[in-house]
Every structure is written in C-alpha cells, then in structure tokens.
Amino acid sequence: MDAFGFLLEGFAVALRPFNMACAFGGVLVGTVVGMLPGIGPINAIAILLPVIFVSGVPPESALILLAGIYYGSQYGNSISTILLNVPGTTSSVVTAIDGYALTRKGEAGSALAMAAIASFVGGTLAIFGLVLFAPALAGWAIRFGPAEYFALMAFAFAALAGLSGAGLAKGLVATGVGLLLASVGLDPNSAVPRFTFGELRLFDGLDFVVVTIGLFAVSEVLLLLEEEGRETRTGVAVRKVMVSLQELLDSAWSLLRGSLVGFFVGVLPGAGGTIGSFVAYALEKKISDDRGTFGKGDLRGVAVPEAASNSAATAAMIPLLTLGVPGSATTAVLLGALLGLNVTPGPLLIQDNPEVFWGLAASMYLGNAFLLLLNLPLVRVFVRVLSLPRWFLIPGVAGMSFVAVYAVNSSVFDLALMVGFGVLGYLLRKVRVPLAPVILGLVLGPLMEKNLRRALALSDGDWGVLVSSPLSAGIWVLTGASLLVPAGLALHRRLRRM
Amino acid sequence: MRVLPERSCWVFPLTVVLIVLASCRPPESDRGWECIAPANPGGGWDLTCRTAGRALTDLGLAPGMVRVTNIPGAGGGIAFAHAVSQRAGDGNVVVAASPATVLRLAQGQFAHLTAEDVTWLGAVATDWGVVAVQPDAPWEDLEELLNQWRSDPAAIVVSGGSAVGGQDHMKVLLLADAAGIEPQAVRYVPFDGGGEAMTALLGGFVNVFSGDVTQADGQVQAGNLRVLAVLAPERVEGALSSVPTARELGYPVHWVTWRGFYLPPGVDEGSYRRWLEVLDELAHSPEWEEARLQARLSPFYMAGEEFQEFVHRQVSEFRRISRDLGLIP
C-alpha cells in the first residue's frame with residue numbers, strides 16, 4: 001500500500017467521532033493557551049499528560065489531542081501578538097513586526113484573518129510534506145551537523161541585518177544588545193557562569209519570554225501611558241474582519257514560499273522550529289519587498305512568518321516521529337508522552353504503530369481545518385479587544401504580562417527583570433532602535449555559539465570544518481549573496497543615476 | 001456591522017481571567033503532600049514527582065493528591081536553595097533529585113550550598129549509563145573500541161547530553177580511567193540533552209554516544225544504535241538484556257542515574273520516619289513496579305542512613321574526579 005492508501009486509513013482513524021472531538025478540543029485548548037504567552041503549549045501538554053495516562057485513552061487519540069494543543073497554540077499566540085504586541089514565541093516576534101503595525105493602521109481584522117489562513121496553508125502543506133517525505137527528510141536532517149547549523153545561523157543573521165527597516169547601524173546595535181543578553185548564564189559547553197554575579201536565578205540565562213514580554217508588552221504599556229490624554233490609538237476603527245480575495249492572491253506566493261522555507265528549516269532538530277519564521281520572513285523581504293512596505297504593516301509580513309511557523313511546527317514532528325529525536329521543547333514533551341503511552345518513536349513507528357502515525361497525519365489535517373473554521377468567525381470577537389476602553393486595556397496588558405511571566409518560572413525575580421526590560425525597551429523605542437533584532441540576538445546567539453564550539457571541538461580546533469561539507473559551503477555562499485546582492489544592486493542603481 | 005452583541009467584548013478578558021485562575025496554585029496548606037520537581041514539566045525530575053505522586057495517591061499512602069510544584073532553574077539549584085532557605089522544617093514536602101544534583105553540589109555549582117544542607121531521603125528507581133556506537137561501527141565490542149582509544153585517543157570523539165563535567169562526561173571518563181586512558185585525552189563534545197547527542201552519533205559526527213539505558217532503549221530496538229556496554233553491576237531488563245555490563249568485560253565501572261528525593265533541612269524525626277515508611281511501601285508496591293517499567297527504569301531501592309552515606313560518598317568521589325580533571329580547584 002502506498003502512502004496515500006495509508007493516509008486514507010489514517011483518515012478513517014481521525015474521522016472517528018472521539019478522535020475528531022480530541023482534535024477539536026486540542027486546537028481549542030491550544031488557541032486559548034497560546035493567547036496567554038508564558039503558559040504555552042509545553043505546560044498545557046505537561047499538565048494534561050498525567051490525566052491522559054490515567055484515563056486510558058488510546059495512544060492515537062492522546063497524540064491527536066496533544067498535537068492539536070501544540071499547533072493550536074501556535075495560532076493562539078498570533079492573536080495576542082497582533083492585537084497587543086505581546087509575542088510569546090520566537091516565531092511570533094516576527095509576526096509582531098507587521099502584525100502590530102497593521103493593528104495600528106486599523107487593519108487588525110485583516111491581520112488576524114490572514115494569520116488564520118496562513119496557519120492553515122502552512123500547516124496543511126507541511127502535512128503533505130510529512131506524509132510524502134518524512135523518512136527521506138529525517139535522513140537529511142541528521143546530516144546537518146554543528147558546522148552546518150553555524151552556517152545557517154550566520155545566514156539568518158546576514159539575511160536579517162535590515163530586519164525592521166530602521167537602518168543597518170541601529171539594527172546592529174539592537175542585535176549586539178541581544179547577543180550581550182544571550183551571554184548571561186552558564187556557558188553552554190562547559191557550564192562556567194557568565195555575568196551571573198553569583199545569582200543562581202541567572203544561571204539558566206535570561207528567559208526568552210521574560211525578555212520579550214518586557215521589551216514588547218511592558219514598553220508598550222509605558223508608551224500608551226505616555227500618550228494618555230493625547231490622541232487615542234486604541235480607538236482605531238477596525239474596518240473589516242476578513243481579507244479580500246485580492247489580498248489573498250497578492251499573498252499567495254508569499255504563503256507558499258513561507259510554508260516551504262518553514263518546512264525545510266523546521267525539519268532540522270534543535271534549531272528548526274525556532275528560526276523557521278525568521279529565515280522565511282527575511283527571504284520574503286528580500287524577494288518581494290519592492291515597495292518598502294515590509295515592517296510598516298504589510299499583510300504579507302504576517303502571512304509569511306505565520307505560514308512558516310506552522311509549517312515548521314509540523315515539520316518538527318518529522319525527526320520526532322521517525323528518529324525519536326525531538327526538534328523543539330514542545331516535541332520533547334510529546335516524546336515523553338509517546339513513551340508513556342508505550343509508543344516508541346523511531347523508524348519502526350510507521351511499521352509498528354501505523355494507526356498512530358497516519359492517524360496523526362490525518363488528524364493534523366483536520367485539526368488545521370478546525371483551526372481555520374474556529375478562528376475566522378472569532379476574529380470579529382478578538383478585534384473587540386481594541387475597542388476596550390483604555391482604562392481597562394492598559395492595566396489589562398500590564399496584568400497579562402505579569403501573569404505570563406510569572407507562569408514561566410513562578411519567580412518574582414523574573415517579574416523584576418521583566419519590568420527592567422520594559423524600561424530598556426521603552427528607551428530603545430524612544431531612540432528608534434528596533435526590538436526584533438534584540439530578540440533575534442538573544443535566541444540565535446546561544447545556538448550560534450554552541451554550534452561553533454561544537455564544530456571546533458569535533459574538528460579538534462581546525463576552522464576548516466566550518467566550510468568543509470558541501471551543505472555548509474552552500475549555506476555560506478547564500479550568506480555571502482544575501483549580503484552582497486542588495487549592496488550590489490544599490491551600487492548599480494547609484495552608478496546608473498550618475 | 002454588528003453581528004455579536006456588545007457583551008461579547010468580554011469574551012477575551014474573561015478567557016484571560018479564566019486562564020489566570022486555572023494557572024494559579026492553591027495556597028500553601030498544612031494538609032496535603034507536595035513534591036517539588038526542580039525542572040520544567042516533562043523532564044526526568046518532573047516524571048519522578050508525577051509518577052511517584054500518583055502511585056502514592058493510588059496506594060492510599062498520601063492524604064489526597066500529591067501536589068507537584070515545578071521550580072526549574074540552575075540545574076536544580078533554584079529548588080535546592082528554595083528548599084534550604086524557605087522550606088526548612090516543612091515535613092510535607094520532598095524534592096526530586098538524581099546524581100545530576102549531587103554532581104553539581106560536588107562541583108560547587110549551587111553557590112555556597114552543599115549536600116550537607118538537606119536530608120537525603122532515598123532512591124526508588126534508576127537508569128544505568130551506556131556506551132554506544134553506530135550499528136556499522138568498526139568495533140565489534142567494547143575491548144576493540146578501548147584498544148583503538150588507547151592507541152589513538154584523538155580519533156575517538158564522544159557525544160553526550162550534559163555539559164563538560166556533567167553526568168554523560170563523567171561516566172565516560174570513569175570508563176576511560178578504568179581502561180588506562182588518560183582522562184584529559186578523552187574528547188567529549190556536549191550537546192543539549194541525550195536526543196541531540198544521539199542525533200550527532202546517527203549523523204556520523206561523533207563515534208561514541210554516552211548516555212543512559214532509557215535513551216538508548218528505543219533506538220536499539222529500531223536498529224539505529226549498538227550498545228557496547230551497560231555501566232551497571234548486573235544486566236538490565238528489556239531491549240538491552242543481551243548487552244554485557246562493563247564489569248563483565250573487565251572494567252568495574254558503573255554509573256547509577258538514580259531517581260530519588262531529599263527533604264528540606266530541619267524536618268522533625270517523626271516526619272522523617274513517616275517518609276521512610278512511605279518510601280519503603282512505595283518501592284515494594286506493584287503500582288510502582290508498573291510505573292517504573294513504563295518509564296523503562298531499573299529497580300534500585302536505597303533509603304535512610306544508607307542512602308545518606310551513599311550520597312556523601314558520591315559527593316567526595318565526584319569532587320575527586322572533577323579535581324583530577326581540573327574542572328574545579
């Protein structure tokens with residue numbers, strides 16, 4: 001029987017009423033949980049796990065439910081990102097750039113609808129990829145060693161140099177701040193504390209959620225407070241709650257490219273899920289930002305990272321299911337869940353538990369459809385947040401930030417840190433330094449350092465290892481091109497003008 | 001166009017409030033037992049707390065549900081500091097621990113805190129260390145690998161899921177030491193957890209994987225991995241039962257990744273005795289047996305005085321090795 005025959009059987013599994021209910025419940029819980037950053041899918045899954053173990057649900061149903069939470073939360077997070085500028089995952093930091101700009105232009109409805117559609121497209125395409133290429137891709141992903149990861153990080157930095165269009169110098173300053181923040185904590189290879197000042201609570205470094213919510217949400221609250229009494233920004237009329245066919249057609253290629261890039265980057269265990277949307281957004285900006293609208297509220301700027309992050313989230317299941325290697329923190333929890341249900345992930349999963357693998361694939365398809373059906377009508381409900389009076393909204397955002405950060409580690413210390421980063425974010429915004437590159441530095445910095453040091457440890461100190469494989473050499477060529485081509489084009493234009 | 005009534009604007013804040021309420025922890029109370037997992041949900045310590053907590057509840061040994069609190073950070077350091085400074089004398093709480101805790105204490109990674117600051121209660125199960133290679137690796141058995149290692153230490157690169165000086169590094173150093181290989185010559189590359197270290201082996205970036213039975217089990221069944229030796233005193237159950245122990249092969253090295261608990265300092269004698277009785281009943285119950293098998297762990301029970309001594313012996317041993325290696329002054 002070929003893959004599609006199996007997939008049909010998978011649909012037979014997924015279409016059982018109970019499993020449909022599981023998929024629906026999963027995406028619903030995921031959406032709600034995702035709206036509040038900090039709690040996140042990891043905690044939701046971990047809290048549900050013991051309940052699932054005890055209740056004796058069949059493994060495929062349990063997996064369908066948990067996977068539903070996983071990608072439901074991916075979408076849920078885009079809601080608070082777009083409406084309130086409170087991103088809770090690395091991928092939604094990218095969505096915040098154009099998503100929040102759209103909200104301020106009064107197009108929050110379109111942005112949310114586009115996010116839902118993009119999630120659906122990205123997720124659905126990635127499932128096709130999962131069904132068709134899972135075993136082959138898994139083999140490809142493990143060939144991706146430290147040197148290749150390092151090259152990929154360098155590429156991400158190079159491609160994102162002008163991420164939010166505030167000029168190269170300010171972008172570099174912001175990235176530098178991010179890298180500096182990233183160096184706090186135990187050094188990843190030898191566990192030597194750096195910039196911890198003997199404070200145990202800094203040993204794990206600065207938590208992504210703490211920094212992000214401080215920089216984005218708390219600084220937003222400060223800005224809103226400052227504007228109090230002047231024009232009311234939150235009173236912007238939300239004109240529509242759907243995207244027009246024309247807008248959809250305009251974004252079609254962006255959606256496809258975003259899904260594709262997200263998928264291939266997402267397959268890579270360890271880093272993929274994190275940087276899929278960064279890389280996709282950067283590429284898209286280079287390819288199609290001909291009018292300079294990216295970063296100022298372009299629907300495609302929402303479509304690309306959302307498609308990419310959902311596609312990457314699905315692709316991250318490939319190394320988990322076929323190799324038993326989790327590609328992200330959430331899939332690591334899913335791995336624990338699978339083992340607890342007596343399903344051993346790995347190459348034998350598809351043979352030994354076909355109903356689990358194909359049922360999951362089919363249910364992910366249904367889950368994505370549920371996600372779209374659930375969220376498109378709800379967009380008009382969500383955008384009403386913006387018509388909340390300011391006396392409610394400002395403390396609301398502040399309260400939500402505190403809860404979200406406290407939920408991560410139950411630590412008051414983190415709250416103090418968050419407020420500190422809020423002030424930092426406020427100052428940076430006052431001098432128009434973009435915030436997204438700070439997060440980029442914070443997230444990619446440690447990955448880059450770890451992989452560089454691993455690569456050098458593997459080669460016994462020979463720097464040649466960084467370019468020795470065709471794969472890494474290819475990525476370096478791309479990196480060079482992404483730096484030189486725009487510069488060359490600019491030079492060309494200037495010469496022509498002379 | 002107004003499709004929904006005005007009231008619907010409350011849906012969002014209401015949802016937020018509900019989530020907030022749902023994520024709130026119940027207030028501290030004298031009743032009820034608590035297990036602190038010094039890591040995020042999903043990790044080994046979390047699993048220890050959740051499985052043991054459930055078994056205690058099922059057995060009727062605990063008054064009601066055992067509450068699991070996650071206090072992640074600093075490899076267990078935050079929870080350790082919390083137990084010492086804020087829970088001293090609290091007889092209703094245990095903290096999950098493993099040799100990772102002991103190792104960090106031995107290396108002074110929990111600031112000024114030491115293993116003497118808490119009461120080590122006992123261990124109820126264990127994982128054992130393994131040394132594994134790719135299925136088509138040139139070495140038939142451990143002896144062949146060690147032979148090449150002795151003659152050309154630079155040719156062998158080991159991956160593991162802990163930082164330099166961590167558990168996966170230590171166990172391979174102990175083996176090297178027993179085999180007459182200079183520990184400083186061992187090339188160890190740290191990865192983020194056993195999964196990534198395993199991927200590095202499968203991808204051919206390293207020759208040897210240093211990890212635990214539970215990490216290797218599934219990959220061995222899938223034919224992705226060949227375990228050369230289990231670092232245990234006796235053979236383990238399950239997929240690795242045909243693999244010899246290092247001891248059988250002439251290298252008396254074992255690495256016991258026990259799963260156990262400690263109590264905060266200053267717990268009264270009565271509570272301590274009660275915990276010991278409960279732990280004893282738990283460890284010998286069929287419920288725990290089942291939970292242990294599901295987690296693929298091996299039997300290992302040690303408690304009370306014996307366990308205290310065991311932990312303190314581990315501390316001095318870890319300290320000696322770390323010092324020999326120049327990891328600590």
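Which residues have the most contacts inside the largest nonpolar core? In this predicted model, they are A:Leu112 and B:Val230, and the core to which they belong has 273 residues. Helix H6 of chain A, spanning residues 108-142, provides the largest share of this core, namely 19 residues. In chain B, residues are given to the core both by domain 1 (34-127 + 256-324) and by domain 2 (128-240), and the core therefore lies between these two domains. The surroundings of B:Val230 can be described residue by residue: when positions up to four places away in sequence are left out, B:Val230 touches B:Trp128, B:Val130, B:Val213, B:Arg235, B:Val236, B:Leu240, B:Val243 and B:Thr245.

The two domains of chain B were then examined. The domain assignment places residues 34-127 and 256-324 in domain 1 and residues 128-240 in domain 2, and the C-alpha centres of domain 1 and domain 2 of chain B are 27 Å apart. Contact between them involves 14 residues of domain 1 of chain B and 15 residues of domain 2 of chain B. On the side of domain 1 that touches domain 2, two or more residues are given by each of helix H4 (99-106), strand E4 (119-133), strand E9 (256-263) and helix H11 (304-324) of chain B. Sorted by class, this side of domain 1 of chain B has six nonpolar, five polar and three charged residues.

Chain A contains 21 helices and two strands, and 60% of its 498 residues count as buried. Among the contacts in chain A with a separation of 6 or more, 82% are accounted for by residues 24 or more positions apart.

One helix pair of chain A was considered in detail. Two packed helices are described by the angle between their axes and the distance between the axes. Helix H10 (residues 245-266) and helix H12 (residues 299-315) of chain A pack at an angle of about 35°, their axes being 7 Å apart, and the crossing of H10(A) and H12(A) is right-handed. On the H10(A) side, the residues making the contact include A:Glu247, A:Ser251, A:Leu255, A:Gly258, A:Gly262 and A:Phe263, whereas those on the H12(A) side include A:Leu299, A:Arg300, A:Ala303, A:Pro305, A:Ala308 and A:Ala312. By class, the contact of H10(A) with H12(A) comprises 13 nonpolar, eight polar and two charged residues.

Notes. Residues numbered from 1 in each chain as written. Chains lettered and ligands numbered in written order. Predicted model: local features only at pLDDT ≥ 70, side-chain atom pairs only at ≥ 80, totals over all residues. Core = buried A, V, L, I, M, F, W, Y, C linked by C-beta atoms within 7 Å. Buried ≥ 20, exposed ≤ 12 C-beta atoms within 10 Å, placed from the backbone. Helix = DSSP H or I, 4+ residues; strand = E, 2+ residues; numbered from the N terminus. Domains from an automatic or database assignment. Contact = placed C-beta atoms within 7 Å. Axes fitted to C-alpha atoms, helices over the stretch in contact; angles between N-to-C directions. Left-handed = near helix turned anticlockwise from the far one by under 90°. Nonpolar A, V, L, I, M, F, W, Y, C, P; charged D, E, K, R; others polar.
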